[in-house]
Amino acid sequence: MACKFCGPKLSLCGLILSVWGIIQLTLMGVFYYIEAVALLEDLPLEEEGGHHTIEGFIHKVEVGYSQNAYNCWIAALLYVITLVISGHQFWMNNRSSVSM
Amino acid sequence: MGASFVPITIFTVLWGVVGIVCPIFAPKGPNRGIIQVVLMLTAATCWLFWLCAYMAQMNPLIGPRLDNETLIWIAHTWGNPYYNGTK
Amino acid sequence: MFRSEEMALCQLFIQPEAAYTSVSELGEAGTVQFRDLNPDVNAFQRKFVNEVRRCDEMERKLRYIEAEVHKDGVHVPQVKEPPRAPNPREIIDLEAHLEKTENEILELSHNAVNLKQNYLELTELKHVLEKTEAFFIAQEEIGIDSLTKTLGTEEGGQQAATRGRLGFVAGVLQRERVPAFERMLWRISRGNVFLRRAELDKPLEDPTSGNEIYKTVFVAFFQGEQLKSRIKKVCTGFHASLYPCPPSNTERQDMVKGVRTRLEDLNMVLNQTRDHRQRVLASVAKELASWSIMVRKMKAIYHTLNLFNMDVTKKCLIGECWVPTADLPNVQKALADGSNASGSSIPSFLNCIETDEEPPTFNRTNRFTRGFQNLIDSYGVASYRECNPALYTIITFPFLFAVMFGDLGHGLIMALFGAWMVIKEVSLAAKKTNNEIWNIFFAGRYIILLMGCFSMYTGLIYNDIFSKSMNIFGSSWYVPYDNDTLEKNTAFTLDPKDSYIDKPYFIGIDPIWQTADNKIIFLNSYKMKLSIIFGVVHMIFGVCMSVVNYNFFKRRYSIFLEFIPQVVFLCLLFLYMVFMMFYKWVAYSTMSEDQAYTQGCAPSVLILFINMMLFSSNEPEPGCKEFMFENQGSIQRVFVLVALCCIPIMLFGKPLYMLSASKKKHSKTESSNGSVNPGIEMQEQTDIINSQPQPKASASHDHEDEPFSEIMIHQAIHTIEYVLSTISHTASYLRLWALSLAHAELSEVLWNMVLTFGLKDANYIGAIKLYVAFCFWALFTLAILVMMEGLSAFLHTLRLHWVEFMSKFYAGLGYIFQPFCFKTILEQEDEE
């Protein structure tokens, strides 16, 4: 079990980063899910010389929104894993420093 | 005149309560004066800040310039009279 | 907080027996600042020099013991309740105890060094014997080999054989010195020495310093006595330790055995010594912290007593000190306690005296206000009883910072950081570090918290959260085009006339601007006006503060001759400009019926203002009016003329008033009473004071005895500075606009450059990219946007307060009140 591979500072850093990541990415996912206009700029829309119809465009945008929403949530999940790993490391570090 | 009654009242009352009513009920003690000044200044600055933002948009002289994709999407999500009509 | 505390200069009369305990009580209370009553006596001639020396000696011993304790790695526990200063009887006990402990430790370490020296020698001998064993065996073989080889061929071989065995010297040498040693041996013997060496694997311990040394065993074979003495000389030169080594094998083995048993015995003794030392040190370590506090307190007391004066009759000590009037009862009580504790019959007493000297400035702060007070004090300590800008800084500082830093997300990060420090305050404060950056952050934790909170508010108004906007209340803009038009054109500028719902967005900036191409044009005009409005309000507030000061210092004339012209000048010019901005916001509209009030005719406020100052005019566009309202031209003309009239009042008013006032006062002679002459008896005090008028001019009566020309020059400089500064300071507030714009743009760029990288993928690989991109984005956000931008916004806010706000009323000529307090003394020494 004693697989300690990051120091106390790095693990703390990872802890904070992943908490932040989880919160923000989950929220961003929610905003993508409800199709917030502010995030329109960041959609994966391929420029193929303009779209043909408004309906087509809207459909594409909707697909992009839901895609990004899922991507955000997956990334948030990855940060949950990071959180667990760095939390475990942090705990190991703390425990070893206490036992010393 | 593009002022609306509701937001102005809400904000004025909100910051008025913070800046005028709250200082009256500030807890007694050596720090009462400090608390009062802090509350009053907070209310004054925040109210003025909000007021400036509000008034600057009351009578817009220029409109935002947007590209059509954004506009289509805005029309789709925020709704517009024509869009609903033609659909 | 609004003004510094009232201070009183007091005289203390203390019986010499009670002096020590009384001062100790005062030090615990920490409310008085003692003045040096014998500044011309040098440090070695003062009364309590001997006691101070004793304290120094004890401190030295303590330092020695502490060093020993640290060397052995014994943990020194912190004291929970710092002990009070010991009374004189305990001092002697303590001194004796320290002496004893020091000697004990000295002896112990001396013994230990001796034992270790012994141990080292024996170990080395053991090694020499063991290692040389191998050489001798090898050498014997070689010797036999060479003998057999050379027997027939060379005469030299025979000679060697006849001489029998070679002589040799064995010893131990430090490893670094071996090559030099070898070379030297070669040189002195012209190559006739045969050197064998073996390195010791385990390091040996140096007995005196405890360091580890690597050594090498060597054996040098040679021929002849002469060479032997030379080699021995070389060996001593190289600090090699030589050991007797019996040539025969059996003897050697016996010796090894003997050495081993001796080593074991020695090891036991060494362990016992070590245990004993450990016990002694551990028992000392328990008391060490409290002893050192006691000694430091004693030293501080004697230093303070050195500032006192001896009465002529040698019956009491006289001290002078500044005391905040609110704390006088505490001081009385401390004195009473002190004399009770020493059991002296005559109580010590306190006597307030009048003085002309400027008292020190003392602002009582708590942990919330201290950070803000420090911001002000680092510019200049307020003059005595001057109004203290720190009170207003508590809000204006975070607010102006937030105007520049406005972003909900960044504000949240900052607020969380501040809140964490505030919540964990106690445990974080207990952990003392020398990390300067951390200490600065920690000292400003409440400032950071408030800055974060205000940034969240301004970010909400700017509608910026990591450069994105939220549409909570529904935008006030709608799209007035149908689908065909939308499809055919690529970009539109929405016309407020047909696409604006005539009600502004509920709170802050409309979210539609975030996606707009001409966002910056709109934000520029808004933020520029905003910063001027807040700048002018802030400056007028500053000028008004000067009234409070004038009123308090009884300089009513200054209100009329300085304040009113200043405020009129500022209001008529700059507040009027602010008014024009508001008027423009209200009056001009695209929906206006009147052609003069439509979009195309809206005049630039700045150009109107410049024209007003220069009395010039621009030709308006056809169908428009030059001015915003009727008679504006004439009103402006009057305003400027009145403002100009204020300048001569500011310039000549005060000097002329002073001139006439001083003429009136000429007959009156001022009776001034000085600070008390040292060494006088109490009952004669008043007479002596009256007979000795103090020549020093005090600061509160400034200007009065200066010649007219000097006052005039001062006033001229002041006036010119003020008039010019109104313009330059107003312009200086534009930094609010510039920095807030820069911050918003930078955060947008960061979002678009870094985070978008992870969002532009149409499949699930995007999630992994997003994971990486977010990591980088978060790091850059912290490093650049929160840290760097935060720092620059902080510095600009500081400047706005120091220069633009405080220059309007703040003199900052005081000096800080430094009470005699054990707590601060101990903390300071800890930092060193």
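Student: What share of the 100 residues in chain A is buried, and what makes a residue buried?
Tutor: The share is 26%. A residue is buried if 20 or more other C-beta atoms lie within 10 Å of its own, exposed if 12 or fewer, and partly exposed in between, with C-beta atoms placed from the backbone. This is a predicted model: local features need pLDDT of at least 70, side-chain atom pairs count only at pLDDT 80 or more, and totals for chains, interfaces and linings use all residues. Residues are numbered from 1 along each chain as its sequence is written, while chains are lettered from A and ligands numbered from 1 in the order in which they are written.

Student: How many helices and strands does chain A have, and what makes a run count as one?
Tutor: Chain A has 2 helices and 0 strands. Helices are DSSP runs of H or I with at least four residues, strands are runs of E with at least two, and both are numbered from the N terminus.

Student: What percentage of the contacts in chain A with a separation of 6 or more join residues 24 or more positions apart?
Tutor: It is 80%. A contact here needs two C-beta atoms, placed from the backbone, within 7 Å.

Student: Why is α14(C) called largely enclosed?
Tutor: Of its 18 residues, 17 are buried, so the rest of the structure largely encloses α14(C). C:N463 follows the helix, with a positive phi near 55 degrees.

Student: Which residues of chain C does UniProt list as "transmembrane region"?
Tutor: The unreviewed entry lists several spans, including 443-462 and 530-553. Such annotations may be inferred rather than shown by experiment; positions follow the numbering used here, and feature names are shortened. In the model, residues 443-462 are 95% helix and 0% strand, with end C-alpha atoms 30 Å apart. Residues 530-553 are 96% helix and 0% strand, with ends 35 Å apart.

Student: What makes β1 of chain B and β12(C) a pair?
Tutor: Two strands pair if DSSP finds at least two bridges between them. Strand β1(B), residues 65-67, and β12(C) have 3 bridges, in the antiparallel sense, so they qualify. One of the bridges joins B:R65 to C:T493.
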